[in-house]
Amino acid sequence: MDQTTPDEHAVVPFMRAGPPPDRTRWEGWQQWRKIRGTFVPAPRLSLAEHQSLSPRRRALHDLHRTATHVNMRLQETPMSARVANLLRGRLQNNAVKFMPGTRDGLMINGGGFQGKTETACDAAASFEDVWREVHHQLLPGPTPGTRDVFVPVAYCRLPVRATPKGLCKAILNVYGNPDPGTLDDLVRAVRDAIRDHHTTALLIDDITRLRLHREDDQDTLDLIRELMDLNVTLILIGVDIPGSGLLRGAYVDQRTGQWIFPEHGRGGRHSNRPPRRRAAGSTWSISTRSTTPPRPASPPSSTTWPASRTSCGSCGPSKAC
């Protein structure tokens, strides 16, 4: 005779069906946006309550506790709250800016496994929750002659070996678009996809994979700067962005005539073989910093850009023109 209670064979509520959402595709981003924060932790039981459970219920409760520990919510800190508020405010300001022109972007910098990506994605998803309601009031149904998929936030990762084609393909994969062959077609497809899908925010993770001593990386950085003119807010996420050289670029030492790449330390790395062209001057400025002293794993911080051009590449990162 079966002595189990009616709920003994109930469906386990905390288990996930299927693979985890892939946020680099718009379908996976929407799935993650809707289920984030919905996990219910295991209830707290006393020793007597735990021992009174049947073997099956006890095993399920232990599994639920394990799932609770590995799916803990992101711990909010003063710095993460500051970054999230700044990011949401920047997205809202740029979203209601109707005139064409460059939108101010944001760089989120910090050590590995400190919550940079999750902080940025959660803030962007919170903005999308509000923006979708506004969009539904303005465009409640499909618009003839346009693409029906509304993707206000697009998230992608920079390829391991960054190239302009690789970055374009990573962005187009968010929308599920086929990849054209030539670079010009890829850039045109990216522009069309961002415009047709009404994308307001573009998050690019692992931005510090760019190394400016390679020509492909310099071309990729130029492409990122070109994306700033697409009426989209660029959010760049990476580890040690100030030390990577992305804020300054490579410049020529006027005394020796050699190229210096700031990401190789304070003195830089000298090379007699110049890149195909000179890297652009500084267009970045620090606007939010951590209050803790610098260390290899620094807390998340943010950087706003572009800034006023107060220095050029030939003057070096610390001198004014």
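1. Let's start with a loop. Gln75 is found between α3 and α4, in the loop that joins them. Keep in mind that this is a predicted model. Is Gln75 buried or exposed? Gln75 is exposed, because its relative accessible area is 63% and anything over 50% counts that way. Along the chain, Gln75 and Gly115 are 40 residues apart, and their C-alpha atoms are separated by 8.6 Å.

2. Now to the empty space. Rolling a probe the size of a water molecule over the atoms is a way to show where such space is left. The largest pocket here has a volume of about 1400 Å³. Of the 37 residues that line the largest pocket, Trp32, Arg36, Gly37, Phe39 and Asn71 are the closest to its centre. Which elements give two or more residues to this lining? They are α1 (26-35), α3 (55-70), α4 (78-95) and α5 (116-138). Sorted by class, the lining of the largest pocket has 18 nonpolar, 11 polar and 8 charged residues.

3. The second largest pocket has a volume of about 580 Å³. It is lined by 25 residues, and the closest to its centre are Ala95, His198, Thr199, Thr200 and Asn231. Two or more residues of this lining come from each of α4, α5 and α7 (183-196). The largest share, 4 residues, is from α5. By class, the lining of the second largest pocket divides into 13 nonpolar, 7 polar and 5 charged residues.

4. On to the aromatic rings. A pair of them is described by the distance of the centres and the angle of the planes. How many aromatic pairs does the structure hold? There are 3. Trp29 and Trp32 form one that is tilted, with 5.1 Å centre to centre and 50° between the planes. Both residues lie in helix α1, 3 residues apart, which is about one turn of the helix. Trp29 counts as buried because its relative accessible area is 1%, under the 20% cut-off. Trp32, at 13%, is buried too.

5. Another pair sits in helix α5. Phe127 and Trp131 both lie there, 4 residues apart, about one turn of the helix. Why is this pair called stacked? The ring planes of Phe127 and Trp131 are at 20°, with the centres 5.8 Å apart, and planes under 30 degrees apart count as stacked. Phe127 is buried, with a relative accessible area of 3%.

6. Ring pairs link Trp29, Trp32 and Tyr155 into a cluster. Arg23 is worth a look here: its charged end sits over the ring of Trp32, 4.9 Å from the ring centre. Arg23 also lies over the face of Tyr155, at 5.7 Å from the centre of that ring. Trp32 turns up in the pocket story as well, as one of the residues closest to the centre of the largest pocket.

7. Last, the cysteines. A disulfide is a covalent bond between the sulfur atoms of two cysteines. How many disulfides does a search of the whole structure find? The search gives 0. Cys121 is buried, with a relative accessible area of 0%. Cys168 counts as buried because its relative accessibility is 2%, again under the 20% cut-off.

Terms used:
Residues numbered from 1 in each chain as written. Predicted model: local features only at pLDDT ≥ 70, side-chain atom pairs only at ≥ 80, totals over all residues. Heavy atoms only, no water. 1 Å grid on protein atoms, 1.4 Å probe; cavity = no way out; pocket = protein on both sides within 12 Å on 5 of 7 lines; lining within 4 Å. Points joined across faces, edges and corners; volume = space filled by probe spheres on them. Nonpolar A, V, L, I, M, F, W, Y, C, P; charged D, E, K, R; others polar. Disulfide = S-S within 2.5 Å. Buried < 20%, exposed > 50% of the residue type's maximum accessible area, 1.4 Å probe, protein only. Phe/Tyr/Trp six-rings, centres within 6.5 Å; stacked < 30°, edge-to-face > 60°. Lys NZ or Arg CZ within 6 Å of the ring centre and 35° of its normal.
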